[in-house]
Amino acid sequence: SFNLNTNIYGFYNFKKGKIQTIRQLIQPSFGFSYTPDFSDPSLGYYQDIQVNEAGDRQLFSRYQGFIYGGAPLGESRALSINIRSVLEAKILSETDSTDATTKKIPLMENIDINTSYNFAADSFQLAPFNFRARTSFFDRRLSVNLSTILDPYAVETSTNSNGIEITRNINEFAWNKGQGIGAIRNATLNLNASINPNSSQSQGEVRDEITNKFLQEGGRMNEFVQSEINRIATDPSQYIDWDIPWNLTFGYNLSYSNQASGTKNVTQTINMSGDVSFSEKWKINFNTGYDAQTKELTQTMIGIARDLHCWQMNVNWIPFGRFTSYNIDIRVKSSILSDLKVSRRRSFFDR
């Protein structure tokens, strides 16, 4: 495998008005990976075995169940494409002095588009397009996140032997069948607003800090990574600012699902989380929410955090619901040693 990436900068300067400059950063990344077909008998990773008296045969990995797992099935020659963009503006800030100052504000903090194409696949070679966008308002007190998955393949309805109509994807692009550029299979909208007496770091800044650190360490952004970063930035048990005496966060989540079979689903939840310091080294934090579809409370967490200088201890308790549990974590605060932790967990499976 190999990867190629670069940075492209664009500027537009205004001669008049409050806006001085609009700056765009585009970070395209291209990667190619090749994996041989390890089911080839000459490689010796898989064995063709008869599985029943009827003579049916199946491939089994010789290394299934081993600590490092087995080799993957099927050949892959995949080209991955990712384009990340940031749009910012430099404006004149209001000041009482005669010297005008400027400040940078984000217009679009992040726009991500990625897909891949597997040249070795016999069908559906082009992967769905993943779009993600993020911006913020009111000095990053309100953050807006949008993500969607676009399926480029057409759908077709047919009737099976039982006379039941089945709708499924076919190996034809949607635009060749008069179905536009494709169908949105999943879409999510996330709004988060935080209130606290200290402007040291908002959720948007926390999210930026984690994202930049991840990219500097060689990581690649994808849907899973983005959702994990959002979870850490919005969960008070994951990220605690000890310099803020109290913090309250409100969130709204809208999720839309549209499967190729025609099944659609919409969910809406309202979340609230926060933390309060009752001494210099102790904090109480919580996380709860309300599901507008089921009209029930979502998973609720109550926690206590203790600053142990180089370490941090978290005691989290989920008092009710399907996943009643508690856990105790003692972790190193250093970012280099963040994976070193001691945990004691008890969940509803232990009852």
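D151 and R185 form a salt bridge, with their closest N and O atoms 3.2 Å apart; the term covers a side-chain nitrogen of Lys or Arg within 4 Å of a carboxyl oxygen of Asp or Glu. This pair ties together distant parts of the chain, since D151 lies in strand β9 (residues 142-151) and R185 in strand β12 (residues 183-195), 34 residues apart. Strands here are DSSP runs of E, at least two residues long, numbered from the N terminus. D151 counts as buried because its relative accessibility is 8%, and R185 is buried too, with a relative accessible area of 10%. Buried means under 20% relative accessible area, exposed means over 50%, and partly exposed is in between (1.4 Å probe, protein chains only).

Before going on, a word on the model: it is predicted, so local features need pLDDT of at least 70 and side-chain atom pairs count only at pLDDT 80 or more, while totals for chains, interfaces and linings use all residues. Residues are numbered from 1 along each chain as its sequence is written, and side-chain values use heavy atoms, leaving out hydrogens and water.

Back to the charges. The structure holds nine salt bridges. One of them pairs R132 with D112, the closest N and O atoms being 3.6 Å apart. Here R132 sits in strand β8 (residues 129-137) and D112 in strand β7 (residues 101-118), 20 residues apart. R132 counts as buried at 6% relative accessibility, and D112 is buried at 0%. Then there's E75 with R77, where the closest N and O atoms are 2.8 Å apart. E75 is partly exposed, because its relative accessibility is 34%, and R77 is partly exposed at 29%. R23, E88 and K104 are linked in a salt-bridge network.

Now follow the chain to β13 (residues 246-258) and β14 (residues 264-277), which run antiparallel and are joined by 13 bridges; strands pair if DSSP finds at least two bridges between them. Y256 stands opposite V266 in β14. Five residues lie between the strands of this hairpin, and G262 there takes a positive phi near 105°.

Next, a four-residue hairpin takes β14 into β15. These two strands run antiparallel as well, with nine bridges, and S277 stands opposite K283 in β15.

Finally, look at T288, in strand β15 (residues 282-291). T288 counts as buried because its relative accessibility is 17%. Its side chain makes a polar contact of 2.9 Å with the side chain of T300 (N or O atoms within 3.5 Å; within protein, one able to donate a hydrogen and the other to accept it, with residues adjacent in sequence counting only if both atoms are side-chain atoms). Leaving aside residues up to four places away in sequence, T288 touches I270, N271, M272, L297, T298, Q299 and T300, where contact means heavy atoms within 4.5 Å.
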